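Please read the following account of how two chains meet, with the sequence and the model at hand.

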Amino acid sequence: MQDINLTDLFVSLTGRLGLNYEFLATGYEAQIWRDGFITTLYLIALLIPVSLVAGLLFAACLTSGRVWLSTPVRAFVEITRNTPTLVQLMFSFLVLNTFVSDLVGGAQNNPLSPFFWVVAVVGLHIAALHAEAIRAGIEAVPASTVEAARGVGFSQLQILQYVQVPLAFRASLPAIVNNLINLVKLTTVGNAIAVSEITYASIMVWTQRDNVVSMMIVILAFFSLINLVVARIGLWVERRLAVPGYGL
Amino acid sequence: MNISADNAIVRLEDVHLSFGQTEVLKGIDLTVNRGDAVSIIGPSGSGKSTILRCINALVQPQSGRITVNRTRVDQLTRESERIALRKRVGIVFQQYNLFPHLTVLDNIVLAPTRILGTDRREAEKLARELLEKVRLAEKANAYPGQLSGGQQQRVAIARALAMKPELVLFDEVTSALDPETVGEVLWVIRDLIRDGMTSILVTHEMRFAEEISDTVVFTENGRIIDQGSPEQIFHSADNPRVRQFVSGLSGRGPVRDGEGI
């Protein structure tokens, strides 16, 4: 078969460079590894919208001027920003998840998977960072522009929707793209609670094959490529949203 | 003055307002009749702009009665009620304050479609008519940042008119403009007033105020110290302070400063 031959060719060529990709010729390990890629991509595809939506909601709460909305979000943002994501994940999985399990009468009834906890913890962590960036953007919208919107007859929510957020989003886009690049890298914390994303899968392979360097090269190239794409898309959006004659 | 009670569209009675310790309005009484143009003149910091902001509930006075076409503005407690009022009272600001991320057309269309629920096509048709009126039809797809100050201000006027307001408040709308573009904005306002739009203008353009106003109001230190026809205020004022103010300006052409209270 053509496919097998190509794999064999790749394995033997890289072998001559001193790299070890022999596991690719096996069914089981190659499958785990491929699934690792897919899981990581799946995590990223979910986390980007989750973090953006939650970040927007947080920013709306922070700038609402209502204490009962802004105080809990402010507390959450501070705790999230100032503590390690890995610790948050372990706390969520080992404490909160156990609590949920007890609540529903045993782990077998608990619908929350480790995958869920990675999305929740990383998503909300990055959302906290987005929220700060968007809040800064919202506060940078001139008071006179907001007053004009009020004068026309917009409600607070409409002003946020049609004036403040569109302007704030443009101002905070570079920071948001930075956060997203961070998000991509942060998906690797999943390996701490056995979510078989790419680092977890690679560790599975290299503990058997002792080919750390070979696996590392792929992991680094993979994340570099994804973040190159994220940064490119960010730049594209920035250019698309650029307003002629406007500083942002 | 000849004010018939049932023709009044705006009435302020003994309006007092402070920002913290600063007393800005110290008992303002003012009546504006439907279809009239009223200019508020006076030195900077005398509370002129604050009077306008009271009328469309952007600020709340501590005491006094404000009536806009049977709505007791001073008694509005909920934001939704204030919004209902602002839909009926247009306001144009010194710094234009257009939405910088929207085209000229979208700036004008946004409020009617989102607040009044006007159909987009209908709102656009009206917007284009208004742009025609302010002589900017060819700029519909430009962004505010691509326009001169005078052009932006004319768009801001069109944006206010798109809500089909019962009256329009003009807050020093030419103060931020260079002398050459002042004229184009005043043209537009003059047209509006001739068409019968009730207008209250805070202005430093004395000649313009004299030309277009039915009533001129002179404020100083949070009080109205004189009001009357343009002829009275500009040429035969009894009040020595008013005489001093207008004579100090005579022969100097339009006077501008960066006042924004």
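**The interface between chain A and chain B**

The contact, meaning heavy atoms within 4.5 Å, draws 21 residues from chain A and 24 residues from chain B. This is a predicted model, in which local features need pLDDT of at least 70 and side-chain atom pairs count only at pLDDT 80 or more, whereas totals for chains, interfaces and linings use all residues. Residues are numbered from 1 along each chain as its sequence is written, chains are lettered from A in the order in which they are written, and side-chain values use heavy atoms, with hydrogens and water left out.

Between the two chains about 2000 Å² is buried, 65% of it from carbon and sulfur atoms; this is the accessible area (1.4 Å probe) that two parts lose on being put together, summed over both. On the side of chain A, Arg150(A), Val152(A) and Tyr162(A) lose the most area to chain B, together 27% of what that side buries.

One salt bridge is counted between chain A and chain B, where a side-chain nitrogen of Lys or Arg must lie within 4 Å of a carboxyl oxygen of Asp or Glu; the partners are Glu147(A) and Arg53(B), at 2.9 Å, N to O. The elements that give two or more residues to the side of chain A touching chain B are α6 (143-152) and α7 (156-186) of chain A, helices being DSSP runs of H or I with at least four residues and strands runs of E with at least two, numbered from the N terminus. With eight residues, α6(A) gives the most to that side.
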